[in-house]
Amino acid sequence: MKLSRRAFVGGALAAPFLAGSGLAQSRGSVLRVIPHADLKNIDPIWTTAYISRNHGYMIYDTLFAMDADLRPRPQMVDTWEESADKKTWTFVLREGLAFHDGRPVTAEDCAASLIRWGKRDGMGQQLFTIVESVKGRDAKTLEIKLARPYGLLLDSIGKISSNVPFIMPKEIAETDPFKQIESAVGSGPFIFKKDEWVPGSKVVYVKNPNYVPRKEPASGAAGGKIAKVDRVEWLYIPDPTTCMNALMSGEVDYYEQVPGDLAPMLARAPGVKIEVLDPIGSQGMLRFNHLVAPTNNPLVRRAIAQALSQKEILAAAVGNPQYYKECESLFPCGTPLESKAGLDLIRPASKEKAKETLKKSGYNGEKVVIMQPTDIPISSAFALVAGRTLRDIGMNVDVQAMDWSSVTSRRAKKDPVEQGGWNLFPTWWIGGDLLNPLTSVALIADAGKAWPGWPNDEKLEALRQEFANSTTLEEQKKAAAAVQARAIEIGTHVNLGTFFVPVGY
């Protein structure tokens, strides 16, 4: 299951690593970036939002990280070993690790950070089902004891995307994982200037003069993280045309997500380059709330899935066929676990079939609230097309406009729609986050651990466990297909298709 660096450190995942690139060096001491969303939530463990993950990469560090070949490599760790029975792992931290406030990073900080991460992240949750203890043996030695050998330990603590197991100070990491932290003290290559943070406008980071990078060359998210600029500014500009003009005029250096309809104009602009960095692409999703009526009804969820056409949605949301393709598999097309399992329940898309299923569900005109993130054009279009489609099959739809940060805050609410709750929200994930049943948080079906939407299905959880226990690729393919079939049957989410977002610089 190997993928190139470009499949991961591209698109939404490119911005955090720009400080080590030639682009940053060529522009002097300040790098100005138009991010894909406004930063409002600064806790990358509490939320899976990519903007918060990118913020995390700027200021935090990790014990391990994935290199260009997707192999876990030591980052904050100097040396490590596993016991003969493969159940006890010890990690010795490297020299020079210190938080932004000057305190040294200790093994207890690392233990507390892993424990908090393990309560929110899918791979972390799976890992901690067999963790007997995680603690600091001494100031620099972290010990993890397992109930049984687990081949994905290093892959888990070196996870490259949401949620990333960033290391925080112990007193911060001991915060309830279901409550947001307010601190932004890390040990990474940049320092968050909270006093200059203007939500809705600007985020500022400055170079950490005390950061000691690894000596190895940068490779993926691993290796030496050398900050080549003194200051990075994220300038949030919600209007795409304004973003385009800012890049063409040189007011900004990097535009993280160029809309497909603007890409041809930018490609013709002198000095501007447009490039798709991620060959796997991103997968659009419409997420169901399993707790709130009427989407707490599995037949209502199935009717919605049956009605939605990837071709129609992608044409409206992306427009340029060069930047999208239909792909029904829940695991990215072209990757080892791509599957057609379970698709016969919902495909081909048919509004007539959806109307029949909706009638069987007993739906009686209850309001369906769809949150529409207006500042992210693709997701905004997903919401509008979904709303129109659901009205076509006879549903009472209320599309509520808000920015993405408001969506990420409101989606944590479990209240009925009459009390500010929700039924559906659109989003998307880079393909690298969806490679298997453990990395895809949309497939977690333990309501106490699940991503907002909170499906609760013992069978799906058992199938995910079967995947975790698989030892060969053939076993993994079989287990993943079973997971997909069950996820479609219960309606965890709807796959809206694959699209490719070019960057501009």
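Predicted model: local features only at pLDDT ≥ 70, side-chain atom pairs only at ≥ 80, totals over all residues.
Local features need pLDDT of at least 70 and side-chain atom pairs count only at pLDDT 80 or more, whereas totals for chains, interfaces and linings use all residues. Residues are numbered from 1 along each chain as its sequence is written, and side-chain values use heavy atoms, with hydrogens and water left out.

**Exercise 1.** Determine how many residues of helix α2 are buried, and what covers them.

Solution. Helices (H or I, at least four residues) and strands (E, at least two) are DSSP runs, numbered from the N terminus. Buried means under 20% relative accessible area, exposed over 50%, and partly exposed in between (1.4 Å probe, protein chains only). In α2 (residues 50-59), ten of ten residues are buried; among them are Tyr50, Arg53, His55 and Met58. Their cover includes the strands β8 (190-192), β9 (202-207), β10 (231-235) and β17 (424-430).

**Exercise 2.** State which residues of helix α11 are buried and which are exposed.

Solution. Within α11 (residues 351-361), the buried residues are Ala354, Thr357, Leu358 and Ser361. They lie on the same side of α11 because they cover an arc of only 105 degrees around the axis, the arc being that of the directions from the helix axis to the C-beta atoms. On the other side, Glu352, Glu356, Lys359 and Lys360 are exposed. The buried residues pack against α9, where contact means heavy atoms within 4.5 Å.

**Exercise 3.** Describe the surroundings of glutamine 306.

Solution. Glutamine 306 lies in α9 (residues 298-307) and is buried, at 3% relative accessible area. Not counting residues up to four places away in sequence, glutamine 306 touches residues including Leu345, Arg347, Ala354 and Thr357.
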